[in-house]
Amino acid sequence: MIDDQVQSAYDAYNAGASMIHIHRRNPENPMEMSWKWEEFAEINHAVRAKCPDVIINNTCLCGRRVFLEEGRIGDMMLASIKARPEVASIDIHCFCEDMPMKARKAPLFGRDEDGLLSFTT
């Protein structure tokens with residue numbers, strides 16, 4: 001999994017990308033993001049080894065367990081920050097799970113068989 005991410009970062013870097021956004025997945029369950037700063041540090045180190053001057057942007061995991069009862073930020077939120085990226089973004093998906101949403105109509109463009117957006121002119 002890491003080798004694929006590093007190769008993708010390297011390909012983007014060679015194509016001219018100056019910033020790489022990294023979602024570090026949980027090695028035990030790739031459907032989840034990692035909560036361990038060491039795993040973020042591992043991928044950051046591997047990307048920096050191949051792309052020395054790229055800006056690394058880690059996703060900070062958010063959710064209900066981010067803020068501790070005493071008002072401090074929990075380790076989940078800080079996992080990617082402790083890995084020392086130059087930039088970090090916040091995944092607010094878990095905050096949105098409890099938001100009431102009204103029913104939505106199908107997308108205007110439809111979807112093809114692979115689940116990708118298909119645009120027609």
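Modeller: A term to start with: a residue is buried under 20% relative accessible area, exposed over 50% and partly exposed in between, with a 1.4 Å probe and protein chains only. This is a predicted model, where local features need pLDDT of at least 70 and side-chain atom pairs count only at pLDDT 80 or more, while totals for chains, interfaces and linings use all residues. Residues are numbered from 1 along each chain as its sequence is written, and side-chain values use heavy atoms, with hydrogens and water left out.

Biologist: OK, how many helices and strands are there in the protein?
Modeller: Four helices and five strands, in the order α-β-β-β-α-β-α-β-α from the N terminus. Those are DSSP runs numbered from the N terminus: helices are H or I with at least four residues, strands are E with at least two.

Biologist: And what share of the 121 residues is buried?
Modeller: Buried residues make up 26% of them.

Biologist: Let's look at α2. Which residues of α2 are buried?
Modeller: Glu 39, Phe 40, Ile 43, Asn 44 and Val 47. Down the axis of α2 they fall within an arc of 135 degrees, so they line one face of the helix. The arc is taken from the directions from the helix axis to the C-beta atoms.

Biologist: Why would residues three or four places apart point the same way?
Modeller: Because an α-helix has 3.6 residues a turn.

Biologist: Which exposed residues are on the face of α2 turned away from the buried side?
Modeller: His 45 and Ala 49.

Biologist: What span should the 14 residues of α2 have?
Modeller: At 1.5 Å a residue, residues 37-50 should span 20 Å, and the end C-alpha atoms are 20 Å apart, which agrees. The expected span is 1.5 Å times one less than the number of residues.

Biologist: New topic. What does the charged end of Lys 50 sit over?
Modeller: The ring of Tyr 10, 4.3 Å from its centre. To count, NZ of Lys or CZ of Arg must be within 6 Å of the ring centre and within 35 degrees of the ring normal.

Biologist: Now Ala 17. Where is Ala 17?
Modeller: Ala 17 is in the loop between α1 (2-14) and β1 (19-22), and is partly exposed at 25% relative accessible area. Setting aside neighbours within four places in sequence, Ala 17 contacts Ala 12 and Val 54, where contact means heavy atoms within 4.5 Å.

Biologist: And Arg 84: buried or exposed?
Modeller: Arg 84 is exposed, at 66%. Arg 84 lies in the loop between α3 (75-78) and β5 (87-91), with a positive phi near 65 degrees in a residue other than glycine.
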